[in-house]
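Please work through the exercises below with the structure open beside you, and try each task before reading its solution.

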Amino acid sequence: MTDSKATQTEKKLTKKDLRRVMWRHYQLLGSFNYERQMSLGYAWAMTPVIKRLYGDNDQEMQKGFQRHLEFFNCSTSTSPLILGISCAMEEQNANSEKFDANSINSVKTALMGPLAGIGDSMFWGTLRVIGVGVGAPLAVKGSILGPILYFLINVIPSELLRWFGFKLAYQGGNKFLAEASENGTLQKLTEAAKILGLVVVGAMIASMVIIKVPLVMKLGGTKVGLQQTLDSLMPDLLPLLLTFGCYGLLQKKVNGTVILIGLIILGIVAVALGLL
């Protein structure tokens, strides 16, 4: 069967489109929320791409915006690398019906954590601290070298990574995706990314969702802690059930803020009653 998208004129992003994405990425934190965090900023940055590639198809354009309104959170210094790959993948998706659009968000999810760790530790935790440590004493004394040194130590490396990282990610992503789509590698990587994401979520449930039940039962004159009994059946069973419950509510389109408020109220009531 002929790929109908391939028979049309190939859709290509212009340098102007890519520059607009880069300038817009500085507003990633312009509309931060606790449910999807930087998603609005990411969708705003990708708007020139979505309009260029799907401007003649309202349905596809809507799907494109919905893709980039999903949860996103990463260090702002390394986010352009993900944006560059997203641009390349959207371009591939616009030109091939065989391309799996779900892989765009799968790759975003797989890259968020590692790049966030690199960006936060390198810039927020290292270069920024060094820059302030070197520049602040000079600035306090009225020396112009203070802000200049801070700029050179922290801001310049960040800007170089943003712009060159975006360019390399877009160019490399395009070449890699073209080959990967033909030999089936992309589908395998997408599946691996999904599995990795689920493993990370599972680890986060066990380490970050904490529920302890203080109730004690008497069985044949012996006191048995309910928490101990639950742990013997399956460690961290209650955090897992709570997470599945929240996920089920999200699947039913319950607002994340409503769920968060409900959890706060449930926690307060349960502690007051001695259940937690």
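Predicted model: local features only at pLDDT ≥ 70, side-chain atom pairs only at ≥ 80, totals over all residues.

**Exercise 1.** Determine how helix 2 and helix 3 are oriented towards each other, and which residues make the contact.

*Solution.* Begin with the axes: those of helix 2, which covers residues 15–24, and helix 3, which covers residues 39–54, come within 7 Å and cross at roughly 160°. Angles over 145 degrees count as roughly antiparallel, and helix 2 and helix 3 are therefore roughly antiparallel to each other. The crossing of these two helices, helix 2 and helix 3, is right-handed. Next, look at the side chains that meet: helix 2 contributes D17, R20, V21 and R24, while helix 3 contributes W44, A45, T47, P48, V49 and R52. Sorted by class, this contact of helix 2 with helix 3 has five nonpolar, one polar and four charged residues.

**Exercise 2.** Carry out the analysis for helix 3 and helix 5, and state the classes of the residues in their contact.

*Solution.* The axes of helix 3 and helix 5, the latter spanning residues 79–95, come within 10 Å and cross at roughly 25°. Because angles under 35 degrees count as roughly parallel, helix 3 is roughly parallel to helix 5. Their crossing, that of helix 3 with helix 5, is right-handed. On the side of helix 3 the contact is made by Y42, A45, M46, V49, I50, L53 and Y54, and on the side of helix 5 by I82, L83, S86, C87, E90, E91, N93 and A94. By class, the contact of helix 3 with helix 5 has eleven nonpolar, two polar and two charged residues.

**Exercise 3.** Which residues are linked into a cluster by ring pairs, and how are the paired rings arranged?

*Solution.* The structure holds three aromatic pairs. In one of these, the rings of W23 and Y26 have centres 6.0 Å apart and planes at 40°, so the pair is tilted. The rings of W23 and W163 have centres 5.2 Å apart and planes at 70°, and as planes over 60 degrees apart count as edge-to-face, the pair is edge-to-face. Since W23 lies in helix 2 and W163 in helix 7 (residues 145–183), the pair ties together parts that are 140 residues apart in sequence. Taken together, ring pairs link W23, Y26 and W163 into a cluster.

**Exercise 4.** Decide whether W23, Y26 and W163 are buried, partly exposed or exposed.

*Solution.* W23 has 55% relative accessibility and counts as exposed, given that the cut-off for exposed is over 50%. Y26, with a relative accessible area of 36%, is partly exposed, and W163, at 28% relative accessibility, also counts as partly exposed.

Definitions and conventions: Residues numbered from 1 in each chain as written. Heavy atoms only, no water. Axes fitted to C-alpha atoms, helices over the stretch in contact; angles between N-to-C directions. Helix = DSSP H or I, 4+ residues; strand = E, 2+ residues; numbered from the N terminus. Parallel < 35°, antiparallel > 145°, perpendicular 65-115°, else oblique. Left-handed = near helix turned anticlockwise from the far one by under 90°. Contact = heavy atoms within 4.5 Å. Nonpolar A, V, L, I, M, F, W, Y, C, P; charged D, E, K, R; others polar. Phe/Tyr/Trp six-rings, centres within 6.5 Å; stacked < 30°, edge-to-face > 60°. Buried < 20%, exposed > 50% of the residue type's maximum accessible area, 1.4 Å probe, protein only.
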